[in-house]
Amino acid sequence: MVGSVVRARCTNCGVVLLPGFDPDAQCPKCHFEMHCCKQCRHFDTGARFECTEPILERIPKKDAKNNCDLFEFRMTVEKDTSPIGYSNNVTLPVPTGRPGDARQAFEDLFKK
């Protein structure tokens, strides 16, 4: 069964950020600023000043580093489709058969 996991991603390149990353730093892949409006959970292009929080003035550059006190990094809930269960250290069995064995087993099902 597929579970859910909470992840932080860079909104510029989509790379998954490791737990414990520094939100005041830059993205390790594309060097996009982490503490900016586009990375904030309150960022909404349809809201006044593009923020769901009651801010007094608009921040003009949404992708530049700022000092907003209301900043909270955007976290997303995603389906955990990774083949390894990182949360409980489950190891998956290693397949022992050859790739042709599966094909042969499939063909054996439909022999006349």
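The chain has 1 helix and 3 strands. Helices are DSSP runs of H or I with at least four residues, strands are E runs of at least two, and both are numbered from the N terminus. From the N terminus on, the order is β-β-β-α. This is a predicted model, where local features need pLDDT of at least 70, side-chain atom pairs count only at pLDDT 80 or more, and totals for chains, interfaces and linings use all residues. Residues are numbered from 1 along each chain as its sequence is written, and side-chain values use heavy atoms, with hydrogens and water left out.

**Surface and contacts**

Of the 112 residues in the chain, 19% are buried. Buried means under 20% relative accessible area, exposed means over 50%, and partly exposed lies in between (1.4 Å probe, protein chains only). The chain exposes about 8,900 Å², and carbon and sulfur atoms supply 56% of that area. The areas come from the Shrake-Rupley method with a 1.4 Å probe. Take contacts (heavy atoms within 4.5 Å). Among those between residues at least 6 apart in sequence, 53% join residues at least 24 apart.

**Nonpolar core**

The largest nonpolar core has 10 residues, including Leu17, Phe32, Met34, Phe71 and Phe73. Such a core is a set of buried Ala, Val, Leu, Ile, Met, Phe, Trp, Tyr and Cys residues joined through side-chain atoms within 4.5 Å. Cysteines Cys10, Cys27, Cys36 and Cys40 also belong to this core. Leaving aside residues up to four places away in sequence, Phe32 touches Cys10 and Cys27, and among its other contacts are Lys38 and Asp63.

**Aromatic pairs**

The count comes to 3 aromatic pairs. Rings of Phe, Tyr and Trp (its six-membered ring) pair if their centres lie within 6.5 Å; planes under 30 degrees apart are stacked, over 60 edge-to-face, and the rest tilted. Two of the pairs are tabulated.

| Pair | Centre to centre | Angle between planes | Class |
|---|---|---|---|
| Phe21 and Phe73 | 4.8 Å | 65° | edge-to-face |
| Phe71 and Phe73 | 6.4 Å | 75° | edge-to-face |

Phe21, Phe71 and Phe73 form one aromatic cluster. Phe21 is partly exposed at 24% relative accessible area. Phe73 is buried at 12%, and Phe71 is buried at 15%.

**Arg58**

Arg58 sits in the loop between strand 2 (16–17) and strand 3 (75–80). Its relative accessibility is 42%, so Arg58 counts as partly exposed. Arg58 touches Phe49 and Glu50, not counting residues up to four places away in sequence. Arg48 is 10 residues from Arg58 in sequence, with a C-alpha to C-alpha distance of 8.4 Å.
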